[in-house]
Amino acid sequence: MLIGIDDTDSPAGMCTTYLGAVLARQLIREHMQVREARLVRLNPNVTYKTRGNAAIALDVVGDTDRAFTIACETVEALAEFSCENTNPGVVVAEEQLDPAFYIRAVTDFCEITDATRLLDAAGAQYKGYKNRRGLIGAAAAVASVFTDRTHEILVYRDPALWGTPRDVDRDSLFAAEDATFPHTWDTVDVVNNVVVCVPHTPDPVLFGIRGESPAWVMLARSMIESEKPDIEQIWVTNQGTDAHLRDGGVGGLREGLSYRVHGVVATAPETGTGGHVSFMIEEGDSSVRCMAYEPTKNFRQIVRHLVPGDDVIVCGSFKKSSINLEKIRVVSLAAPVVSRPPVCAACGKRMTSDGRDKGYKCRKCGAHARDPEVREIARRLAGGWYEVPPTARRHLAKPLCRGKPDYSTSQVLMITRDCLVDNKMRLPLVR
Ligand code: ATP
């Protein structure tokens, strides 16, 4: 069976992954087998989210009625029901749900009734608390199929310490990154000298190490010195896979969705108040603003070197009519020259255009010139992919250390169809 849970925490505490780790141990105590623990990130632009829009799924062998009872009891014991925005959902399904629902939940928006319709059709057991919104994430987690996957070991705090400052040795984090990068990533941000993997919120997480395999995250974890932790759980995740991105055209973007968009730089990047950098890209008659916000730090330096005419692919969420950049590919650079009207040979004044294809005219003495003044500019940018630093990375964004971002939505759909056996979804084995 697959057990899905979502929406159990609040800004004041708890974490759905911790609840899932506790539940896994309760089930094992009841002699059930937990074959996989899945941490599923969903659309990062959902406004109801507490932090990173995470849901969890456990792949369990055992009695479904008993598992459903234990899952509900665990949620009732641990979820932050007092928070208005906490609306837990629990799902137990004997079979894989349609992965199209997961793809929609990670790339788009869903309604609670979309989830209940899916669950009713599948004959799943489910319970939604309060306004039942958590059923969306819980159902999406049970419907999830990862065509690309990474791992995260989450180390949880002793409950007696929740809410107090965390004690994790900084040097050991940098040493762990040094020893295991690029097989692990985002433990620290070396360039900005910042620890990334230790949260500052009052939840049960002490730290989390992300990487390609259980072996790599465990190796990095073994190097980290800290306060005495409570439980630890390795999660199979869609983090760092770009699962949220869909291919889009400059003219047809929808608010709250995340895209990979091809265009040509149309305006020189400008730095606005707060240090945010913006520029326009265009494709045909359409254009859209791209933003590199201040927290993206040194990434803005790359963006500032773009010039009109550069051919780019940008990745990020479309919010408030702008694409918030997560990474960018400079496909080709515009010719490294700028042209402007020449200086009049007779009187030394800069000429102005005399109209389309008519050359230039001196407004002072009336002289004409055919060609513009052409000046070579030094380009400090090479073609290729550039990304925001670890400190600004979103959970789902694929780091470049994992390889070039080359998925397309059609590829994802093709692979999920391949997983169908007798019209039912077969879970790809992960161990
Ligand atoms: P938690 O650790 O509790 O999971 P979180 O930051 O992951 O915290 P939630 O508290 O789960 O955020 O809040 C997200 C809410 O949004 C959940 O109720 C979830 O069911 C819902 N949700 C997730 N994805 C979508 C989506 N694509 N469309 C609509 N609602 C969604």
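Begin by selecting Asp242 in this predicted model; the residue sits in the loop that runs between strand E11 (229-237) and strand E12 (245-248). Its phi is near 65°, which is a positive value in a residue other than glycine. Asp242 counts as buried because its relative accessibility is 3%, and the cut-off for that class is under 20%.

Next, select Lys297, another non-glycine residue with a positive phi, here near 45°. Lys297 is placed in the loop between strand E16 (286-292) and helix H8 (299-304). With a relative accessible area of 32%, Lys297 is partly exposed.

The peptide bond from Phe181 to Pro182 is cis, and its omega is near 10°. Pro182 belongs to the loop between H6 and strand E7 (184-185).

The aromatic side chains come next. The model holds 4 aromatic pairs. Select Tyr18 and Trp162: their ring centres are 5.2 Å apart and their planes stand at 85°, so this pair is edge-to-face. The two partners come from distant parts of the chain, 144 residues apart: Tyr18 is in helix H1 (residues 16-29), whereas Trp162 is in the loop between strand E6 (150-157) and helix H6 (170-180). Tyr18 is buried, at 6% relative accessibility, while Trp162 is partly exposed, with a relative accessible area of 28%.

Now select Tyr102 and Phe146, an aromatic pair of the tilted kind, with 5.9 Å from centre to centre and 55° between the planes. Tyr102 lies in helix H3 and Phe146 in the loop between helix H5 (134-143) and E6, so the pair ties together parts that are 44 residues apart in sequence.

Which residues do ring pairs link into a cluster here? They are Tyr18, Tyr156 and Trp162.

For the last stop, switch to a surface display and select Asp63, Asp65, Glu94 and Glu95. Together, Asp63, Asp65, Glu94 and Glu95 form a negative surface patch. Is Glu94 buried or exposed? Glu94 counts as exposed, because its relative accessibility is 65% and the exposed class is set at over 50%.

Methods:
Residues numbered from 1 in each chain as written. Predicted model: local features only at pLDDT ≥ 70, side-chain atom pairs only at ≥ 80, totals over all residues. Heavy atoms only, no water. Patch = residues over 30% accessible without salt bridge, like charges linked within 9 Å, V, L, I, M, F, W, Y side chains within 5 Å. Areas by Shrake-Rupley, 256 points an atom, 1.4 Å probe, with all protein chains shown as cover. Salt bridge = Lys/Arg side-chain N within 4 Å of Asp/Glu carboxyl O. Lys, Arg positive; Asp, Glu negative; His and termini not counted. Charge placed at Lys NZ, Arg CZ, Asp CG, Glu CD. Buried < 20%, exposed > 50% of the residue type's maximum accessible area, 1.4 Å probe, protein only. Phe/Tyr/Trp six-rings, centres within 6.5 Å; stacked < 30°, edge-to-face > 60°. Helix = DSSP H or I, 4+ residues; strand = E, 2+ residues; numbered from the N terminus.
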